[in-house]
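Please look over the model shown below, together with its sequence.

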Amino acid sequence: MTNQAFILLCIVVFGVVGTCHGGSLRKGYYKDTCPDAEEIIKKATGKHVANDPTLPARFLRMHFHDCFVRGCDGSVLLNSTTNNTAEKDAIPNLTLAGFDVIDDIKAEVEKKCPNVVSCADVLALAARDAVSFKFQTPLWEVLTGRRDGRISRISEALANIPSPLSNFTALVRIFTSKGLNVHDLVVLSGGHTIGVGHCNTFSNRLYNFTGRSDQDPSLNPTYASFLKTQCKNLSDNTTFVPMDPGSALTFDNNYYVTVKQNKGLFQSDAALLTNKGSRKIVDELLDSKKFFTEFARAMKRMGAIGVVTGNEGEIRKKCFVVS
């Protein structure tokens, strides 16, 4: 079978090349070339999370944004250059944070194993280890072997990262394009159980939902009144509020309780209740054990989107610049 035919088969059967690419991801990819890699990343991540409890949400979001643009290839970590504006500078990514910490974690790995472990794998592992820190056990398995992409374009970030303003149809379209399904959409939305949302990503729901200075009728009125005390107007782009009220630093399934109460912060959260199938999944994920099991499975699938493996791409020494 030719390479072109093989890739076509992967796209047809699996939806994304990364899950079927030659030299695919596997458990313990670095066991021979850098056996301590995952432990180094875990320890370095834990050190930072102990000092900054907001990092789990930041790393989880960064990993998500990386995977949805060109696959999980570390392209979100690249800086813009004179001739190119990178993903990092796209509007959806301007509120990402923790790039310096990823650089620090990568530097720790480089001390032990120079030019071996990719930035894409560092980010995937750090996201898992940060969220798992309080639990003292890994919440999902991370297969490794990703290589770093050399391309990072602002236009691709704008086109591929799901918007908090998205309706259900738009969300399904983007997830489907990544080889993910409605179940993955609802489960991965549960990542909103930690972290914050900036006012400008949802204030239209408070002040101008249909262009008539109105409020989104699907938003819990009491919660809307509270949000208005935090976000005073449509132009506020600096104030932020927890995405999961009262639980912004706790990774759990409370997000779905919030959504069921019509307190989902974004339109994309509320959208999960606008489809019969996704509503059923929301109800199922009110079971905590079910949520943790399904989140682990969905993260493993997301982590395989469009990965660069084998002899493609590169291993960056510094995550913010192409080698």
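Q: Which residue forms a disulfide with C34?
A: In this predicted model, a disulfide counts when two cysteine sulfur atoms lie within 2.5 Å, and the sulfur atom of C34 has such a partner 2.0 Å away. The pair links distant parts of the chain, with C34 in the loop between α1 (3–14) and α2 (37–51) and its partner 79 residues apart, in the loop between α4 and α5 (119–132). That partner is C113.

Q: Is the disulfide of C34 and C113 right-handed or left-handed?
A: Both cysteines, C34 and C113, are buried. The torsion about their S-S bond is about 80°, so the disulfide is right-handed.

Q: Is the disulfide of C199 and C231 right-handed or left-handed?
A: The sulfur atoms of C199 and C231 are 2.0 Å apart in this disulfide, and both residues are buried. C199 belongs to the loop between β1 (196–198) and α9 (204–207), while C231 belongs to the loop between α10 (221–230) and β2 (240–242), so far as the chain is concerned 32 residues apart. Because the torsion about the S-S bond is about -75°, the disulfide of C199 and C231 is left-handed.

Q: What is the torsion about the S-S bond of C67 and C72?
A: C67 is joined to C72 by a disulfide with an S to S distance of 2.0 Å. C67 is buried, with a relative accessible area of 1%, and C72 also counts as buried, at 1% relative accessibility. This disulfide is right-handed, and the torsion about its S-S bond is about 115°.

Q: Is V69 buried or exposed?
A: V69 is found in the loop between α3 (55–67) and α4 (99–112). Leaving aside neighbours within four places in sequence, V69 is in contact with S75, E87, E156, A157, N160 and I161. With a relative accessible area of 0%, V69 is buried.

Q: Which side chain joins that of S75 in a polar contact of 2.7 Å?
A: S75 is found in the loop between α3 and α4, and this residue is buried, with a relative accessible area of 0%. Beyond its neighbours within four places in sequence, S75 is in contact with residues including D66, V69, E87 and R316. The polar contact of 2.7 Å joins the side chain of S75 to that of D73.

Q: Which residue has the backbone oxygen that the side chain of N93 reaches at 2.8 Å?
A: N93 has its place in the loop between α3 and α4, and at 1% relative accessibility N93 counts as buried. Not counting residues up to four places away in sequence, N93 touches H65, V76, E87, K88, A157 and I161. The backbone oxygen reached by its side chain at 2.8 Å is that of E87.

Q: Which elements do the buried residues of α10 pack against?
A: The buried residues of α10 are Y223, A224 and L227. They cover an arc of only 100° around the axis, which puts them on the same side of α10, whereas the face turned away from that buried side carries the exposed residues P221 and T222. The buried residues pack against α9 and β2.

Q: Which residues are linked with K27 in a network of salt bridges?
A: The side chains of E141 and K300 meet in a salt bridge of 2.5 Å, N to O. The pair links distant parts of the chain, with E141 in the loop between α5 and α6 (154–160) and K300 in helix α14 (residues 288–302), 159 residues apart. The residues linked with K27 in the network are E141 and K300.

Notes. Residues are numbered from 1 along each chain as its sequence is written. This is a predicted model: local features need pLDDT of at least 70, side-chain atom pairs count only at pLDDT 80 or more; totals for chains, interfaces and linings use all residues. Side-chain values use heavy atoms; hydrogens and water are left out. Helices (H or I, at least four residues) and strands (E, at least two) are DSSP runs, numbered from the N terminus. Buried means under 20% relative accessible area, exposed over 50%, partly exposed in between (1.4 Å probe, protein chains only). Contact means heavy atoms within 4.5 Å. A polar contact is a pair of N or O atoms within 3.5 Å; within protein, one must be able to donate a hydrogen and the other to accept it, and residues adjacent in sequence count only if both atoms are side-chain atoms. The arc is that of the directions from the helix axis to the C-beta atoms. A salt bridge is a side-chain nitrogen of Lys or Arg within 4 Å of a carboxyl oxygen of Asp or Glu.
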